[in-house]
Amino acid sequence: MQINISSEAKQAIKNFTIPEELGFGRVMAPVMLEANFENGKWSDMTIVPFGPISMLPTSKVLHYGQEIFEGLKSYRIKGNGPFLFRPDENAKRFNHSAKRMAMPEVPVENFVEAVKVFSKLCSEIIPRRSGESLYLRPFMFSTEEALGIKPSDTFKFMIVASPSGAYFSGGTISVLIERSAVRAAPGGTGNAKTGGNYAAALEAAIETKKLGHDQTLWLDAVTRKNVEEMSGMNFNCIIDGKLVTPALTDSILAGITRNSLLAIAPQLDIQVEEKKLSIDELIEAIKTGRCTEAFACGTAAIITPIHQIAEKDGTVYKLPSAPGPCSTSLRQALLDIQEGRREAPNKEWVLNLE
Ligand SMILES: Cc1ncc(COP(=O)(O)O)c(C=O)c1O
C-alpha cells in the first residue's frame, strides 16, 4: 500500500495558520486522506486538500448508517515529536468495529502508517500549548449507491483532523443518570465505534444539558441497574481507595485510556477492580463516604473529574473531592507517560515520529 501526498496538500499545509481560539474539533486541518475499497481490495491512500466529497443521495451510509470511526491525538512537546499514543490499539478497535458493521478491515499496519504519515505531514500545524493536540479522526463509510438493505460492496476510508484545545475546558463535570433511555443492548453495537451509538445518545444529551449537567451516565439495557459508561468516555470511581471501573461487556466501548489507566494505577499503588458496578452500590458508596472520587476517561477527556452524579428529579450525590488525589495522580502519570517524562508500562505505547 502506498500513501501519496499531492503537491496541493503540501501547499495547503504551508498556507495554514493555527487560529488563536481552537476549541475542540471545530478548526479543521487543511488536508485529508482518502482510500477506496472496490472489487474486494483497498486502493492506495492519497492525501489531498480538505474539502467536500461528492456522493449520490442513494449512498448507503446515508440510509443504513454503515459507518465506523476512531479518535486519537497527535501531539508535540517542546518542539519535539509528533507523538502518537498506542495507535495500534485504535487500529485494532477500528477493525473490531468494521467486523461488527459488515465492513472490510484496514490492515493494522496500513492504518498505523496512514496515521503516522498524516501526522508527520501536519507536524507544523499541531498546536503546542498545554492540553492541545491535533485530534485525528479516521473513519470509513459505505459508498454503494442503491437502496436495497444489503451490505455495501464499496467503501471509503478517510482521515480528517482538527487542531484542538482541551475537550472540557471547565475542569469538573456533573453527570446525569439516564434511567429510561438505553444507549446499547447486549448483542448490539455498543462496543463498536459506529455513528448510530452516538446518534442514539443525542436525545438524552439534550435533556442532560437542559437539566444543567454535562454528561449522561448510561445503565445496562436489561436490568437498568449496572453502570456502563458515558456517551463518549468511560466511567471510573475510587471506592475504598481502589480504582473501580465497570467490567467490559458488549455494550461498553473498550476505551484505550481506560485500559491504560488499569495498567498505570498499580504503579501508583492504586489497586484496580473491573466489576459489575450497580448504580445502587455507587450511590450508597457516595452517601457513606466510601466512594471518594469519580471521573470520566477517554482520548478527548483524558481524565475529567466528576463533582456530582444526579437524578432527573433533582436529587444530587456530591463527590467529596473533584479533582481528588487519585484522579490527580492518575492524570499526571498518564500525561507524563504521553509526554515522555515517565516510562510507560510498555515501551511501545508512545511513538515518536521525529
Ligand atoms: C462511547 C465511548 N466510550 C469510551 C471512549 C473512550 O475511549 P478512548 O479512551 O479509546 O478514547 C470513547 C471515545 O472514544 C467513546 O466514544
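1. Lysine 73 stands opposite tyrosine 135 in S8. That places the opening point on strand S6 (72-77), which pairs with strand S8 (133-142) in the antiparallel sense over three bridges. Strands count as paired if DSSP finds at least two bridges between them. Helices (H or I, at least four residues) and strands (E, at least two) are DSSP runs, numbered from the N terminus.

2. The basis of this note is a predicted model, in which local features need pLDDT of at least 70 and side-chain atom pairs count only at pLDDT 80 or more, while totals for chains, interfaces and linings use all residues. Residues are numbered from 1 along each chain as its sequence is written, and side-chain values use heavy atoms, with hydrogens and water left out.

3. S6 is largely enclosed by the rest of the structure, because six of its six residues are buried. Buried means under 20% relative accessible area, exposed over 50%, and partly exposed in between (1.4 Å probe, protein chains only). In a regular strand the side chains alternate between the two faces of the sheet. Both faces are covered in S6. Leu72, Ser74 and Arg76 are buried on one side. Lys73, Tyr75 and Ile77 are buried on the other.

4. S6 also pairs with strand S7 (residues 80-85), antiparallel, over three bridges. Isoleucine 77 stands opposite asparagine 80 in S7. The two strands form a hairpin with two residues between them. Lysine 78, in the turn, has a positive phi of about 50°.

5. Next, the pockets. Rolling a probe the size of a water molecule over the atoms shows where empty space is left. The search uses a 1 Å grid over the protein atoms alone and a 1.4 Å probe; a pocket is an open set of points with protein on both sides within 12 Å along at least five of seven lines, and lining residues have an atom within 4 Å of a point. Grid points are joined across faces, edges and corners, and a volume is the space filled by probe spheres set on the points.

6. The largest pocket holds about 830 Å³ of space. Its lining has 36 residues, and the closest to the centre are Tyr167, Tyr198, Ser231, Gly232 and Met233. Where does the largest pocket lie? Domain 1 (3-164) and domain 2 (173-338) both give residues to its lining, so the pocket lies between them. These bounds come from an automatic or database domain assignment.

7. Elements that each supply at least two residues to the lining of the largest pocket include strand S5 (67-69), S8, strand S11 (215-219) and helix H7 (256-264). Helix H6 (202-210) is another of them. H6 gives the most, with four residues. The lining divides into 16 nonpolar, twelve polar and eight charged residues. Here Ala, Val, Leu, Ile, Met, Phe, Trp, Tyr, Cys and Pro count as nonpolar, Asp, Glu, Lys and Arg as charged, and the others, Gly among them, as polar.

8. Serine 231 deserves a look. This residue sits in the loop between S12 and strand S13 (234-239). Serine 231 is buried, at 16% relative accessible area. Its side chain makes a polar contact with the side chain of tryptophan 218 (2.9 Å). Such a contact is a pair of N or O atoms within 3.5 Å; within protein, one must be able to donate a hydrogen and the other to accept it, and residues adjacent in sequence count only if both atoms are side-chain atoms.

9. The second largest pocket holds about 470 Å³. Of its 27 lining residues, the closest to the centre are Lys73, Tyr75, Leu335, Gln338 and Glu339. S6, H7 and helix H9 (325-338) give two or more residues each. S6 gives the most, with five. The lining has nine nonpolar, nine polar and nine charged residues. At least three residues come from each of domain 1 (3-164) and domain 2 (173-338).

10. Strand S16 (291-298) also supplies at least two residues to the lining of the largest pocket. Seven of the eight residues of S16 are buried, so the strand is largely enclosed by the rest of the structure. Six bridges join S13 to S16, running antiparallel. Isoleucine 239 stands opposite cysteine 291 in S16. S16 also pairs antiparallel with strand S17 (residues 302-310), over four bridges. A hairpin joins S16 to S17 through three residues.
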